[in-house]
Amino acid sequence: MKLVILPAVLAELQAASAYYMSASNLALGRAFVAEFERAVKLVLINPTLGGVLRGAHHRYSLRRFPCGGIDQISGDELRVIALAHHRSRPAYWTLRQ
């Protein structure tokens, strides 16, 4: 399965990591990125991991952090379309494809 991470997700990852680095310390920001990478690897192994949101969209949570990834399965492609905080702007990502 091919992994596609949208540029908007990379921007969200960078912003969240920078927040954790400035709010706490460098190690927490790095831990956030490492947890995102771990979760994406798990989803590549098991694409149906997490809860079904709408149709082919799935949501999976990151450990230690109040965020989750949202992906879409399309043919042989796993597209990560959002890295969303659990309490901020629900469903803001629905227009992304």
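1. Glu 12 is buried in this predicted model, with a relative accessible area of 14%, which falls under the 20% limit for that class. The residue is found in helix α1, and a polar atom of its side chain lies 2.7 Å from the backbone nitrogen of Leu 83.

2. Tyr 20 is buried at 13% relative accessible area, whereas Tyr 19 counts as exposed at 52% relative accessibility. The rings of Tyr 19 and Tyr 20 form an edge-to-face pair, with 5.4 Å from centre to centre and 70° between the planes.

3. Tyr 20 forms a further edge-to-face pair with Phe 65, for which the centre-to-centre distance is 5.0 Å and the angle between the planes is 65°. Phe 65 is itself buried, with a relative accessible area of 6%. The structure holds 4 aromatic pairs, and one aromatic cluster is formed by Tyr 19, Tyr 20, Phe 32 and Phe 65.

4. Which residues of α2 are buried? They are Leu 28, Gly 29, Phe 32, Glu 35, Phe 36, Ala 39, Val 40 and Val 43. These residues cover an arc of only 130° around the axis, which puts them on the same side of α2. An α-helix has 3.6 residues a turn, so residues three or four places apart point the same way. On the other side of α2, Ala 27, Arg 30, Lys 41 and Ile 45 are exposed. The buried residues of the helix pack against β1 (2–5), α1, β3, β4 and β5 (77–85), and Phe 32, one of those buried residues, also belongs to the aromatic cluster described above.

5. The strands make up an open sheet of 5 strands in the order β1-β5-β4-β3-β2, with mixed pairing. β1 and β2 (51–52) stand at the edges with a single partner strand each, so one side of each is left without a neighbour in the sheet. β1 and β5 pair in the parallel sense over 4 bridges, and the bridge partner of Val 4 in β5 is Arg 79.

6. Leu 49 lies in the loop between α2 and β2 and is partly exposed, with a relative accessible area of 33%. Leaving aside neighbours within four places in sequence, Leu 49 is in contact with Leu 42, Val 43, His 58 and Arg 59; of these, Val 43 is among the buried residues of α2. Leu 49 and Leu 3 are 46 residues apart in sequence, and their C-alpha atoms are 15 Å apart in space.

Key
Residues are numbered from 1 along each chain as its sequence is written. This is a predicted model: local features need pLDDT of at least 70, side-chain atom pairs count only at pLDDT 80 or more; totals for chains, interfaces and linings use all residues. Side-chain values use heavy atoms; hydrogens and water are left out. Rings of Phe, Tyr and Trp (its six-membered ring) pair if their centres lie within 6.5 Å; planes under 30 degrees apart count as stacked, over 60 as edge-to-face and the rest as tilted. Buried means under 20% relative accessible area, exposed over 50%, partly exposed in between (1.4 Å probe, protein chains only). Helices (H or I, at least four residues) and strands (E, at least two) are DSSP runs, numbered from the N terminus. The arc is that of the directions from the helix axis to the C-beta atoms. Contact means heavy atoms within 4.5 Å. Two strands pair if DSSP finds at least two bridges between them. A polar contact is a pair of N or O atoms within 3.5 Å; within protein, one must be able to donate a hydrogen and the other to accept it, and residues adjacent in sequence count only if both atoms are side-chain atoms.
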